[in-house]
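Student: Could you take me through one part of this protein up close? I'd like to know how its charged side chains pair up and what surrounds them.

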Amino acid sequence: MTADSWRNLIEHIGLLYQEYRDKSTRQEIETRRLQDSQTDPEESSPSEETPSEAEPTSTTESKAPPQISLLRNSNSRFNLWQDLPEIRSSGVLSILQPDEIKLQEAMFELVTSEASYYKSLNLLVSHFMENERLKKILHQSEAHILFSNVLDVMAVSERFLLDLEQRVEENIVISDVCDIVYQHTVNHFSVYITYVSNQTYQERAYKQLLQDKPAFREVISQLELDPKCKGLSFSSFLILPFQRITRLKLLVQNILKKVEEKSDRETTALDAHKELETVVKACNEGVRKMSRTEQMISIQKKLEFKIKSVPIISHSRWLLKQGELQQMNGPKTSRTLRTKKLFREIYLFLFNDLLVICRQIPGDKYQVFDSAPRGLLRVEELEDQGQSLANVFILRLLENADDREASYMLKASSQSEMKRWMISLAPNRRTKFVSFTSRLVGWIFGERLHDQERGWFPSSMGEEILNPKIRAQNLKECFRVHKSDDSQRRKLGSRNRQ
């Protein structure tokens, strides 16, 4: 493939990265749904090929490339690697096996998506950051917070894209891209950590500018209306680097699922995936630290202590959950009271190591009347005691602010809210409802793919995979992606035992 041909392809990518990312995500979901509905688990085992990839009866059928959607767009001359004129005319599609074509498409997607990403980054800089009217409105410090080190990020993307282009130009059949990903991740991608860590201040500055500077708001609105932006907001351009670094990890993961096992390409894919995972975790940790610090400072300003003051701000402390509950007045065994006066509002701030119990007072303030280390909290679900005591649980402080045991009878707004509070307050205590009942009331405990963050999410946000073959295949792919981590953990475990 000639350099001119490849650059022509890059120039004709019609999708901005935001459009590409949304489109790609929708296509992945639809592909999964199609696989789940069409594959017959009784016809093949998880180790066998799917019907579309099975040995066909004719030469024409055997060489038909698998249909994989990628950057399908009316403004783009090319859709897939197999759609390139050079690929069509070379006859290589009649030689390669379907699995290798799928791998080529996965590597090609990484390259073309980087081109789409670079296109959007370039628009952020040329259309917004370098706009003369905007420069006059923004103070230098405001512009620095708003755009951070985006020029460094764009320079890294450009260098990365040039190396990927060179690799594609070497041969019409792409040899590998994960070795390039690995080298750039190790040597250059730290700029992403800097940019993403600034996200908390960036968001705050943007909101403040919209509120305090009408001229800024007017210019941004006009710039967003430009056809170049395709109806996308300024904020969608600001979050591009975080979206890209997480997406890049998933693209490498997709390649890893398609390379032959125990091959050099598997080794480079595993290495690239591991390094990207490190960068993504560092990005998330940077965001967390900045966000937590801001949040702790804000909470500290709102608290007034009726008891002995507790220092809230700490580098090792963060907020887990906050919210209003109803505290029952009187003895917990009371069955005679049936009015709303039975309860009064209290407000809880639950940190990773501390619980603070308050009452809200005028001026958006909270008066603290009790506290306890999180490790000294216990919860107990009440048996059914009628409508008045529905969604009520007991919170025990084994040692409170007065160094004594205390007990609170608390009422939540719903059963699911009660259970979430109970799990948050005492997560390591065995309870009969943790998995089964919580699922029944609409909440599932899961793990986010790009950063392994775990937590609860509404069941309406997910779809159950019904096909056992697809479930087995997903599990196999998961084990393969993380086998290098498992191997490292086994080595560490072995050393510890020695």
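Tutor: Happy to. Let's start with E294, which counts as partly exposed at 23% relative accessibility; here buried means under 20% relative accessible area, exposed over 50%, and partly exposed in between, with a 1.4 Å probe and protein chains only. This is a predicted model, in which local features need pLDDT of at least 70 and side-chain atom pairs count only at pLDDT 80 or more, while totals for chains, interfaces and linings use all residues. Residues are numbered from 1 along each chain as its sequence is written, and side-chain values use heavy atoms, leaving out hydrogens and water.

The partner of E294 is R204: the two form a salt bridge whose closest N and O atoms are 2.4 Å apart. E294 sits in helix α15 and R204 in helix α11, so the pair ties together parts that are 90 residues apart in sequence. (Helices are DSSP runs of H or I with at least four residues, strands are E runs of at least two, and both are numbered from the N terminus. A salt bridge needs a side-chain nitrogen of Lys or Arg within 4 Å of a carboxyl oxygen of Asp or Glu.) R204 is also partly exposed, at 44% relative accessibility.

Now for the two helices themselves. The axes of α11 (residues 199-212) and α15 (residues 264-302) come within 8 Å and cross at roughly 55 degrees. That makes α11 oblique to α15; angles under 35 degrees count as roughly parallel, over 145 as roughly antiparallel, 65 to 115 as roughly perpendicular, and the rest as oblique. Q199, T200, Y201 and R204 of α11 make the contact with V287, M290, S291 and E294 of α15, contact meaning heavy atoms within 4.5 Å. By class, this contact has 3 nonpolar, 3 polar and 2 charged residues. The axes are lines fitted to C-alpha atoms over the stretch in contact, and angles run from 0 to 180 degrees between N-to-C directions. For the classes, Ala, Val, Leu, Ile, Met, Phe, Trp, Tyr, Cys and Pro are nonpolar, Asp, Glu, Lys and Arg charged, and the others, Gly among them, polar.

D179 is partly exposed at 24%, whereas R167 is buried at 14%.
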